[in-house]
Amino acid sequence: MAVVKRTFDVVVVGAGGAGMRAALALSEAGLKVAVLSKVFPTRSHTVAAQGGIAASLGNVSEDNWHWHMYDTVKGSDYLGDQDAIEFMCRAAPEVVYELEHFGMPFDRTDSGKIYQRPFGGHMQDYGKNPVQRACAAADRTGHALLHTLYQRNVQANTNFFVEWMALDLIRDQDGDVLGVVAMEIETSEVMILQARATLFATGGAGRIFQASTNAYINTGDGLGMAARAGIPLEDMEFFQFHPTGVHGAGVLITEGVRGEGGYLINKDGERFMSRYAPNAKDLASRDVVSRAMATEIKEGRGCGKDADHVLLKLDHLGEDVISHRLPGIREIAIKFAHVDPAKDPIPVVPTAHYMMGGIPTNYHGQVVAPYDGGPEEIVQGFYAVGECACVSVHGANRLGCNSLLDLIVFGREAARQIIEDLKSNPHPKQLPSDAADRSLSRLARLEGQKNGESVSEVGAAMRRVMQAHCGVFRFPDLLAEGVRKIYEVAERAKCTEIKDKSKVFNTARVEALELDNLIEVAQATMTAAAARQESRGGHARDDFPDRDDDNWLKHSLYFSEGRHLDYKPVRLKPLTVETFPLKTRVY
Amino acid sequence: MKFRIYRYNPETDTQPSMQSFDLNLEAGDAMLLDALVMLKAQDDSLGFRRSCREGVCGSDAMNINGRNGLACITPLSSLKQPIELRPLPGLPVIRDLIVDMTQFFKQYHSIKPYLINNDPPPETERLQSPKERAEIDGLYECILCACCTTSCPSFWWNPDKFVGPSGLLQAYRFIADSRDQATAERLDNLEDPYRLFRCHTIMNCVDVCPKELNPTQAIGRIKGLMSKRTV
Ligand SMILES: Cc1cc2nc3c(=O)[nH]c(=O)nc-3n(C[C@H](O)[C@H](O)[C@H](O)COP(=O)(O)OP(=O)(O)OC[C@H]3O[C@@H](n4cnc5c(N)ncnc54)[C@H](O)[C@@H]3O)c2cc1C
Ligand code: SF4
Ligand code: SF4
Ligand code: FES
């Protein structure tokens, strides 16, 4: 079947914060850019980010990027690459000021500067006291950021392909990336989008879990596409469970609540974090707080009739702080937890939230993979930024507010790198004759499938397995069984059947194609988790409770083909400062 | 639980129809979107948009028992049965509950929805007092769901000429921002018998906004600025 082809300088897949920051710079540079998104840009999940974006502006309390860097390295449990972390923390103030200049409606201090609040793991003076580093627009920072970037892209005349879904990556004989195959959702038309540079900014994959703070569309498409094209996925065992998802609904309550002075209590009304993190207490980093909560619940100090959650108390902050700094949280609590937090505490549980792993890149956003003996060779023409990428600045555990920062710093940097790379590469390479074949055969399989299971059944099975076998605490027998079970579900996913064969806005087909991606991510996560015999950051093994730097201070790489794992060293050397040496992590 | 849902697929149907669905579900704490997801598991051809499931992305606006709203934050317990679901009124239907939003976004784009400030930016942030910043509260939070605009009779009659409540709310968001320097240009852009002045203060928009924003008030303020500058 002949597939229509269009040619661009750059194809950006994803219009969340990361994709739109990059797209803005690319459009302003006058390049011919296509930006694809499954949903209208402002519906991307960046819109749900609440608490803030980290930068050492020092508007409220003294701060500098060295402290921010230290906190990020420590927060990552030393698995983060220190060159990339230095790059990000140094660039933070500049990119945040840029957002303000773009029109982002930050809250203000009395002197008219950007308002900053405390956030988990962000400290002054190399870990001493909490610092106010999270730049916030009430508790709607992601909404403010995403809409501002969209508005700026409207001004720059960026060419959006709205409700287009990328299906697969195009790679040639040399392994170079030449674009994507994509489908217009409204018409089901398939097209080749050829480009000299392809940038993935497809966001997270929180939907591999049953209880998740993520949107329905967070299905790890970029990772699935990369994995199918032979590119490894890095550090997939590290999934962040956010301490405060609303019990039952999963909807997030920002850490900013604790930043503003809220705290967690168990059924005895005890502020239990004092026992686990005497210094930072409720503002310890997320992995620490989530494990503490899980422990409280396991040991019978949970709240409610099933003793299966704890409570987040904030009524003491008073009406004024709640209605000015946390209005969105109040709205969520009333709607999804049926409590008014100005009066009653909110029932919360640790909830799957953020994928630290992703497509391996260097700090210029260039995708890197092992090749010919080198662990980090550049994949020509391929770039990734945002939650789908693993730079790695978050290592084994991300600090709150460092993700929005990651999107903006590396979105901008990848665009700069692309502009430079394209100068020395003026002509598109010849497309291989089978460029669209993988996508077409996936679609043909769905079209012809008989007697298959439904997508919702198989998806539910996958989420159950991930939830039960790969949670906050991970047990050896559960992991071994989890690996077997998730591979079984993967087999079932190969024969899903959709009843709806219409060409018009077929959301059943979209969901089936998304499941192919989810299942790649789920297998990578389970496989890498079963293999890593230590506890570090978001990966807590019951049988190996300690960090093991002698054997495991290394990044994992999962290859879809043969589901095999490889490892590569952590970059411990920063760009200009001294390495932060390995230490035991206490908060 | 009983539903009646608008169905239309241009490939196979000459006319839209209402289809009855039955779902074995206690309302409990569930939202309307949860029910739709369950219905889709039974019949995968049912078409609707959704993403965040928490009322911030603006995807799942639809007409629920005659009133526009977001399915994800509408509790089932608040709805009379059979629950009647239709696509947002006044926009072309692509399929089932999915409408073509082109016209809505065109109007949004027409108001130049971006900050205009031609001074070279300072090294750090532009200063804005908390009081100045408070002027855009109740404006910047819009999620572009189109509940308001598609409930507005003036928009139904003149979708190509009347900006509509959502677009006008955003126009005022930039006028009210102390950092924006293009108020005059923005007012010129709306000085037209249709673009702004088709609003007859019917207030449907305020009633339905799921974020409790008040487009009518914003429109009133723009009209106020407009009349101030003519005298
Ligand atoms: C509830 C919540 C609150 C958060 N709060 C904070 C916070 O306060 N501070 C912070 O730093 N971080 C926060 N985070 C994390 C942060 O918001 C996310 O990591 C970040 O927004 C991800 O941005 P992104 O640009 O990588 O992806 P997204 O914003 O998820 O965008 C992904 C884009 O890719 C597109 N896409 C995906 N697949 C395809 C495909 N196949 N074809 C075409 N397009 C595709 C989508 O349409 C979308 O446009 C929060 C996360 C959640 C879930
Ligand atoms: S107040 Fe104006 S904009 Fe709102 S519904 Fe009425 S006519 Fe439309
Ligand atoms: S003003 Fe309210 S109803 Fe209108 S688009 Fe914005 S959020 Fe939706
Ligand atoms: S699904 Fe996002 S607003 Fe309802």
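1. Charge in chain A. Chain A carries 65 positive and 77 negative side chains, and the centres of these two sets are 2 Å apart. This is a predicted model, and the points below should be read with that in mind.

2. Charge in chain B. Chain B holds 27 positive and 29 negative side chains. Here the centres of the two sets lie 4 Å apart.

3. Overall form of chain A. How does the radius of gyration of chain A agree with that of a compact globule? For 587 residues, a compact globule would have a value near 25 Å, and chain A has 23 Å, so the two agree. Taken along the principal axes, the C-alpha atoms of chain A fill a box of roughly 65 × 55 × 50 Å. The secondary structure of this chain comes to 16 helices and 22 strands.

4. Cover and contacts in chain A. Of the 587 residues in chain A, 69% are buried. Among contacts with a separation of 6 or more, 74% are between residues 24 or more positions apart. The chain exposes about 18,900 Å², and carbon and sulfur atoms supply 49% of that area.

5. Chain B in outline. Chain B has 8 helices and 7 strands. Its C-alpha trace spans about 60 × 40 × 30 Å along the principal axes. Buried residues are 57% of its 231 residues. In chain B, 64% of the contacts with a separation of 6 or more are between residues 24 or more positions apart. The chain exposes about 9,800 Å², of which 51% comes from carbon and sulfur atoms.

6. Helix α1 of chain A. This helix covers residues 17-28. How many of the residues of α1(A) are buried? The count is 11 of 12, and the helix is therefore described as mostly covered. The buried residues include A:G17, A:M20, A:R21, A:L24 and A:S27. After α1(A) comes A:G30, which has a positive phi, near 85 degrees.

7. A cis peptide bond joins A:V391 and A:S392, with omega about 5 degrees. A:S392 sits in the loop between β18 (389-390) and α11 (402-423) of chain A. The 22 residues of α11(A) should span 32 Å at 1.5 Å a residue, and the end C-alpha atoms are 32 Å apart, which agrees. α11(A) is mostly covered, with 17 of its 22 residues buried.

8. A:E514. This residue belongs to helix α15 (residues 507-531) of chain A. Is A:E514 buried or exposed? Its relative accessible area is 5%, so A:E514 is buried, the cut-off for buried being under 20%. Leaving out residues up to four places away in sequence, A:E514 touches A:K38, A:M165, A:T219 and A:D221. A:V483 is 31 residues from A:E514 along the chain, and their C-alpha atoms are separated by 21 Å.

9. A cis peptide bond in chain B. Which residues of chain B does the cis peptide bond with omega about -10 degrees join? They are B:Q81 and B:P82. B:P82 is in the loop between β4 (67-70) and β5 (83-86) of chain B.

10. B:D96. Phi of B:D96 is near 45 degrees, a positive value in a residue other than glycine. B:D96 lies in the loop between β6 (93-95) and β7 (98-99) of chain B. With a relative accessibility of 1%, B:D96 counts as buried.

11. B:M203. Phi of B:M203 is also positive, near 70 degrees, in a residue other than glycine. Where is B:M203 found? The place is the loop between α6 (183-190) and α7 (204-208) of chain B. B:M203 has 40% relative accessibility and so counts as partly exposed, since that class lies between the buried limit of 20% and the exposed limit of 50%.

Notes. Residues are numbered from 1 along each chain as its sequence is written. Chains are lettered from A and ligands numbered from 1 in the order in which they are written. This is a predicted model: local features need pLDDT of at least 70, side-chain atom pairs count only at pLDDT 80 or more; totals for chains, interfaces and linings use all residues. Side-chain values use heavy atoms; hydrogens and water are left out. Helices (H or I, at least four residues) and strands (E, at least two) are DSSP runs, numbered from the N terminus. The radius of gyration is taken over C-alpha atoms; the globule rule is 2.2 Å times the number of residues to the power 0.38. Buried means under 20% relative accessible area, exposed over 50%, partly exposed in between (1.4 Å probe, protein chains only). Contact means heavy atoms within 4.5 Å. Accessible areas come from the Shrake-Rupley method with a 1.4 Å probe; for residues, only the protein chains shown count as cover. Lys and Arg count as positive and Asp and Glu as negative; His and the chain ends are not counted. The place of a charge is taken as NZ of Lys, CZ of Arg, CG of Asp or CD of Glu. The expected span of a helix is 1.5 Å times one less than its number of residues.
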